[in-house]
Amino acid sequence: MAAIQTQSQFFQSLKKYYTFYTGGFIAFVIFVGILEQMGVPNKILGYLFLFATIALYAGIGFMSKTADVGEYYVAGRRVPALFNGMATGADWMSAASFIGMAGTLYLSGYDGLAFVLGWTGGYCLVAILLAPYLRKFGQFTIPDFLGARFGGHLPRLIGVIAAITCSFTYVIAQIYGVGIITSRFTGLEFQVGVFVGLAGILVCSFLGGMKAVTWTQVAQYIILIVAYMIPVVWLSVKHTGIPIPQISAYTTAMPKIAALEKEFNDKASPKGAKEESVRAIFRERAAAADTKLKGLESGGPAFLAAEKQKLTDKVTALKAEATPDAKAIEAAEKAVKDFPADAAAAKKAWTADKGVGARAAPVKAHAEAFAVGGKTPEEIEKNRSIAKKNFLLLIMCLMIGTAALPHILMRYYTTPSVHEARVSVFWGLFCIFLLYFTAPALAILAKYEVYSNLVGSSFSALPAWVSNWSTVDKTLMNISDINKDGIVQLAEIVIGGDLIVLATPEIAGLPYVISGLVAAGGLAAALSTADGLLLTIANAMSHDLYYKMIDPNASTVRRLAVSKGLLLVVALLAAYVTSLKPGDILFLVGAAFSLAASGFFPALVCGVFWKRANWLGAVLGMTLGLGVCAYYMYITYPFFGVNAPKWWDINPISAGTFGIPAGFLGIIIGSLISPAPNKEIQDLVDHVRYPNLEGDIDTRGV
Amino acid sequence: MQLTEKHKQYWQINLKISTILLVVWFVATFVMGWYARELNEITIIGPLGFYMSAQGSLIIYVAIIWYYAHYMNNLDKEYGVHEGELD
């Protein structure tokens, strides 16, 4: 792109490129669809999608290669608002949003909406409190702002540590998603999938930094939004005849779901009676497991031996019958073989068995907010207020975390002006909104399919998508005839959240090519987010740590070399940690948000809106915020094994509830007990507050 | 660099519009969430409490950001702090 181009010419040519690109992509999908009709096997189609899209991203990355510092760090600051918005959308929407969101909503109904609200509403804070001011400041990273505004190396260093901590936590969740998608659609091993995905991530960011990542993310956004929308719209047409799922799901499917929920819970109705027969079996199993657990506790190994003896006796008795039933003997022998070997294994197995009691619970109404159990009305009331509190606090942590994640804030350095930065937050949220306001509708349509078509169908003639997925992955679709009546009851189905998006094309009766498209969309979502995060980490280390603090005289060539080298190291490290499969994805994501919210948000906002905020305040506020947040997670999240009682019943995922106020308190106290910042810094604050001032200082990074 | 009265006025107006929009944001998120059970009794398209949290509030967020960008752009010009043409 020649330097003589004006911004509007640049915008026009971008529009042209991406229109061609979208057309080309649609042609590719049609081409794969034709191959499918000609009988090419699904596995080959899956590979085609995987490698064609990665090759495409690599192509864009290669074309955007650069040796210019401004282009490498902030894409030359000439990304138009609309395109920056699309890139923000791809940067923002991760594998968890693309694949997991609708499933979470399917499983938890209203209560899952905390994620939808938190991950969109946070942009109001970005737009109003941060983006325009950061753009006016106009350097390269978020620690840059902290360093300039509060002075000295320490605020910058704490910023670097916070940026690395939360981005690294988040990037692991992304690479995990990449591994799952590649392994599921190509049959590669998870660990191999992780490294193939990693190659896809690196080809984008390695050569061209932010410039390449931006233009790739725009391409990835287009793929992911097309892939998400097509199956949902189709499903909506199939069920309701209306191609707008955001309306049809509520007007047509929702009332029917509500009626079915009532029926399932009403023992007097035919469907309710059948559900009840399954639930009764679960209750019995749970009760039996409970008795055995109690026996084990009082009787120890002797009890275990006696239990095993009972099973062996049963085999002998069956064999001694006049007409031995081969099937029954086989089952009884299997029970002996599967009997837990020692007390620890028995305890584990029976505790799991006891857990099936949960499947005997009545169906929760989809639209009901804060549905909780409890024995007395007072207990229900108490549990409900805890649920409500946690719901609202989780929204708060996610929103403030959104307004503090460095890989998102960094994007606003790349627009040409303050005005464009404001408009680009609008486009960013709009692009995200398209997916997020579709996900709840998809969850409802999928639920309608399961409640009205799957429940009541015969086990001998299950819908194709059910039998396919239950053979591929039992954690996603587990269905078995518990009460042996040959008919599917709701209580006999266990669905994993990720199934909803992955199986939608099949539920809607679309060809396999659309399933491949959905996988490509999920991959685009995970790759784009991982790209943005890795770049943030590498930049924090190369720009802030190396260039600003260790060697300010480093040449441009050297700076870029260090940055690229670090990118490689961080990526490999992240892939290595991911291949160990640490912990729960949702918690990793939640932790990243709470940490970012507690560490960055108070310092950034006070930096713009409170002139009196100074060095000591920032240092105190950031350390206190991060410290309190990390401490609360450490003592309450089961993974760390401390399991201290929760403070005011607040869940560890919302640790920011304590970290954010601690951060603000730290800034206020620290600032007030030390002298006000000097004239230079006060001028800097005025500088960021006005898009254009006469006789202004210049803080732009070059 | 010396700020004029006009500059200070610009900043005050910015703070005012920011506060108003953040109040709208707060109501659309937390007040709606707090009364979700009560709102669910009303049906507009779907149960209102659910519908607002799933879609209504999101539309409000998009509108808030659009309005802010639009309003501030005009305010910049009115107070002469807007950026020059880019090229």
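Reader: Where does Asp649(A) lie?
Author: Asp649(A) lies in the loop between helix 25 and helix 26 of chain A. Helices are DSSP runs of H or I, at least four residues, numbered from the N terminus. This is a predicted model: local features need pLDDT of at least 70, side-chain atom pairs count only at pLDDT 80 or more, and totals for chains, interfaces and linings use all residues. Residues are numbered from 1 along each chain as its sequence is written, with chains lettered from A and ligands numbered from 1 in the order in which they are written.
Reader: What about phi of Asp649(A)?
Author: Phi is near 60° there, a positive value in a residue other than glycine. Most residues other than glycine have a negative phi.
Reader: Why does Asp649(A) count as partly exposed?
Author: Because Asp649(A) has 13 C-beta neighbours inside 10 Å. Buried takes 20 or more other C-beta atoms within 10 Å, exposed 12 or fewer, partly exposed in between; C-beta atoms are placed from the backbone.
Reader: And Trp648(A), which loop is that in?
Author: Trp648(A) is in the loop between helix 25 (615-636) and helix 26 (656-672) of chain A. Trp648(A) has a positive phi of about 45°, and counts as exposed with 10 C-beta neighbours inside 10 Å.
Reader: New topic. How many residues of chain A are in contact with chain B?
Author: 47, against 41 residues of chain B. Contact means C-beta atoms, placed from the backbone, within 7 Å.
Reader: Which helix gives the largest share of that side of chain A?
Author: Helix 17 of chain A, with 10 residues.

Technical notes
Contact = placed C-beta atoms within 7 Å. Helix = DSSP H or I, 4+ residues; strand = E, 2+ residues; numbered from the N terminus.
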